Amino acid sequence: MNWGMMMAEDDMELDQLFAQARSARPDLPDDLAVRILTDAETVRLDRLKPAAPERSVWARILDGIGGWQSMGGLVAASAAGVWIGFAAPDFLPDPATILYPQDTSFVVADLGLDTTFLEDAE
Amino acid sequence: MEDLTSPLQDVRGTDCAADASDDALLLQFAEGDAAAARVLTARLGPKCFSVAQRMLGNRAEAEDVTQDAMMRLWQMAPKWVPGQAKVSTWLYRVTLNLCVDVLRKKRPDRLDDVPEPEDEDLSAADRLQEAARKDALQMALSQLPDRQRQAVILRHIEELPNPEIAGIMGISTEAVESLTARGKRALVAILAGRQDELGYDDG
């Protein structure tokens with residue numbers, strides 16, 4: 001038998017082995033199929049889960065300062081502040097006179113304007 | 001959760017989705033259709049498993065690689081652009097890459113994979129049977145360089161056309177032909193006990 005014939009025989013043997021391998025291709029084992037489909041189902045359900053609803057700007061600001069409960073206190077404190085500004089109790093000094101302790105006529109005089117019209121009005 | 005106790009029963013029957021293309025099924029799955037996953041698993045799972053088994057020669061590892069590759073398919077589904085490539089091409093590539101990862105991790109301690117020395121007391125007939133039992137082809141395949149092994153498995157066991165193999169492996173059709181030819185020559189030499197003729201060049 002010469003070298004070429006030997007090689008041809010070896011090739012035939014290999015082709016037979018390939019044919020056997022093709023006919024013996026494994027089925028997907030059932031337990032593996034279950035594992036694969038469980039993964040698919042997990043991915044699918046994750047994707048179907050609705051995204052968390054977008055919260056409005058006001059809702060987020062409210063969350064930041066502690067919700068509706070804290071809002072009541074905040075409103076009461078703000079209302080008290082407004083009232084004190086509007087009608088300060090007698091025992092409190094008037095903040096305007098502390099900051100600007102002048103008469104309005106001085107202010108106008110400082111500007112070098114003619115103030116006779118003020119006197120006329122009086 | 002869906003009932004998964006008989007996972008592939010539906011698709012072996014008369015499921016209308018079984019006629020749809022892989023592209024269409026992947027799209028349906030991305031849109032939330034569980035039945036599409038069953039058809040895809042029945043269709044592509046065995047291909048994945050067969051290639052992984054031949055690449056790795058180990059059933060448990062092949063099962064893990066198959067599950068991993070299919071998981072990547074499920075996760076990739078919403079990004080899939082139909083018509084650009086075949087789903088099976090993508091999946092074969094992912095499977096082969098995962099196999100190469102497994103093989104790389106195993107290489108430092110491959111002593112377990114070395115075939116046992118043959119028993120001198122066995123008769124020729126017994127030895128033949130023994131070789132068949134151990135799957136001579138698998139033994140020979142495991143000695144091929146990775147790229148040759150991939151090309152030979154895809155061409156001669158999965159029976160894919162060369163252009164598709166080229167797409168899977170990211171090489172030219174000529175390179176596929178060269179790899180399969182060298183792989184076959186190497187297998188013949190290994191099976192004939194002429195390993196010394198092997199050139200372990202890969203590419």
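This is a predicted model: local features need pLDDT of at least 70, side-chain atom pairs count only at pLDDT 80 or more; totals for chains, interfaces and linings use all residues.
**Entry 1. α4 and α5 of chain B**

I began with a helix pair in chain B: helix α4(B), residues 59-76, packs against α5(B) at an angle of about 135 degrees, and the two axes are 9 Å apart. At that angle α4(B) is oblique to α5(B). I noted the handedness of the crossing as well, and α4(B) passes α5(B) in a right-handed one.

From α4(B) they are E61(B), V65(B), D68(B), A69(B), R72(B) and L73(B). From α5(B) they are L91(B), V94(B), T95(B), L98(B), C99(B) and V102(B). I sorted this contact by class and got eight nonpolar, one polar and three charged residues.

**Entry 2. S88(B)**

I stayed on α5(B), the helix that holds S88(B). I counted 17 C-beta neighbours inside 10 Å for S88(B), so this residue is partly exposed. Buried would have required 20 or more.

Which residues does S88(B) touch, leaving out those up to four places away in sequence? I found D22(B), L44(B) and K47(B). For L44(B) I also looked up the C-alpha separation from S88(B), which is 6.8 Å, although the two are 44 residues apart along the chain.

**Entry 3. Helix α2 of chain B**

After α2(B) comes G32(B), and its phi is positive, near 105 degrees.

**Entry 4. α2(A) against α3(B)**

α2(A) also packs against α3(B), at about 135 degrees with axes 10 Å apart. This makes α2(A) oblique to α3(B). The crossing of α2(A) past α3(B) is right-handed.

On the chain A side I listed L32(A), A33(A), I36(A), L37(A), A40(A), E41(A) and R44(A). They meet A34(B), A37(B), R38(B), T41(B), G45(B) and F49(B) in α3(B). By class, the residues of this helix contact are eight nonpolar, two polar and three charged.

**Entry 5. The contact between the chains**

I widened the search to the whole contact between chains A and B. How many residues does each chain put in? Chain A contributes 28 residues and chain B contributes 33. On the chain A side, the elements giving two or more residues are α1(A), residues 3-23, and α2(A). The most come from α2(A), with 15 residues. The classes on the side of chain A that touches chain B are 15 nonpolar, one polar and twelve charged.

**Entry 6. E159(B)**

I looked up one backbone value in a loop. E159(B) has a positive phi, near 55 degrees, and is a residue other than glycine. E159(B) sits in the loop that joins α8(B), residues 146-157, to α9(B), residues 162-169. Is E159(B) buried or exposed? I counted 9 C-beta neighbours inside 10 Å, so E159(B) is exposed; the limit for that class is 12 or fewer.

**Entry 7. The chains as a whole**

Last, I took the totals. Chain B has ten helices and zero strands, and along its sequence the pattern reads α-α-α-α-α-α-α-α-α-α. The chain has 203 residues, of which 35% count as buried. I also checked sequence range in chain B: among contacts with a separation of 6 or more, 64% join residues 24 or more positions apart.

Chain A has seven helices and zero strands, running α-α-α-α-α-α-α from the N terminus. Of its 122 residues, 9% count as buried.

Notes: Residues are numbered from 1 along each chain as its sequence is written. Chains are lettered from A and ligands numbered from 1 in the order in which they are written. Helices (H or I, at least four residues) and strands (E, at least two) are DSSP runs, numbered from the N terminus. Two residues are in contact if their C-beta atoms, placed from the backbone, lie within 7 Å. Ala, Val, Leu, Ile, Met, Phe, Trp, Tyr, Cys and Pro count as nonpolar, Asp, Glu, Lys and Arg as charged, and the others, Gly among them, as polar. Axes are lines fitted to C-alpha atoms, for helices over the stretch in contact, and angles run from 0 to 180 degrees between N-to-C directions. Angles under 35 degrees count as roughly parallel, over 145 as roughly antiparallel, 65 to 115 as roughly perpendicular and the rest as oblique. A crossing is left-handed if the near helix is turned anticlockwise from the far one by less than a right angle, and right-handed if clockwise.
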